[in-house]
Amino acid sequence: MIKDYAHKPKLDVTTPGLLRPIVVLIAAGIILIVVLIVILLSVSIDHKIDRASVDQVDLVVATEKIEVAKPIPVEPPISPEFTYIKILQQADVTPAYVKEYESTAKDPNKKTESHLQVASFKSEYDAKELQKLLTIKKLPNVEVSQSTTESGSVWFKVMVGPFQNRSMLNKAQDILVQMNYSPLELKKK
């Protein structure tokens, strides 16, 4: 069968599926009105009030005395006066001996073993272009390394580092984030 793609088929303007919910809604409304009318008609409108029962109710109400509740005086609760100063004066507190903190100098020449993997590319050209850009941004030791996966595909990783200290690593991460890269921190063993 050949389809004519040049001329779109005309759609029917009326949708038959829309008519059914409207009919169901109207029918439910009519049924509800009929049920309310039947309930109202079943309740007798001319209820006659028996005058004898009204007189009995008046008599009962007149004979009962309404007692007003008297307020009972409540004494405020007596709480002992605990104040921090009094408790502290009574307590004998001896602090534990703690040796004074001595700061140790860090080795400024010690390098961290952390590298940042900035990106991975299938194309060596793209990896080299990123390496040039990162070198312009003055990031230290920007290298491109080639790795092969288990499936045999070749990837070119752009790596930065190692860094002299954690501060320089954090600074490099901030620069890369500003360039819209999410660097992955890798620690060498």
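**Notebook: helix 4 and the sheet**

I looked up what the buried residues of helix 4 touch: they pack against strand 1 (114-121), strand 2 (142-148), strand 3 (154-160) and helix 5 (166-178). I note that the model is a predicted one.

I then listed these buried residues of helix 4 and found A127, L130, Q131 and L134. Seen down the helix axis, they fall within an arc of 105 degrees, so I record that they line one face of helix 4. On the other side of the helix I found Y125, K132 and I136 exposed.

I checked the length of helix 4 next. Its 13 residues (124-136) should span 18 Å at 1.5 Å a residue, and I read 19 Å between the end C-alpha atoms, which agrees.

I examined both ends of helix 4. Just after the helix, I noted a positive phi of about 65 degrees at K138.

Four strands form an open sheet in the order 2-3-1-4, with antiparallel pairing. I identified strand 2 and strand 4 (184-187) as the edge strands, each pairing on one side only. From one strand to the next, I found that the twist averages 40 degrees.

I followed the antiparallel pair of strand 2 and strand 3 and found seven bridges joining them. V144 has V158 in strand 3 as its bridge partner.

Finally, I compared how the helices lie on the sheet. Helix 4 touches strand 1, strand 2 and strand 3, and its direction makes about 160 degrees with that of strand 2. Helix 5 touches strand 1 and strand 4, and its direction makes about 20 degrees with that of strand 1.

Conventions:
Residues numbered from 1 in each chain as written. Predicted model: local features only at pLDDT ≥ 70, side-chain atom pairs only at ≥ 80, totals over all residues. Heavy atoms only, no water. Helix = DSSP H or I, 4+ residues; strand = E, 2+ residues; numbered from the N terminus. Expected span 1.5 Å × (residues − 1). Buried < 20%, exposed > 50% of the residue type's maximum accessible area, 1.4 Å probe, protein only. Arc of directions from axis to C-beta. Contact = heavy atoms within 4.5 Å. Pairing = 2+ DSSP bridges. Axes fitted to C-alpha atoms, helices over the stretch in contact; angles between N-to-C directions.
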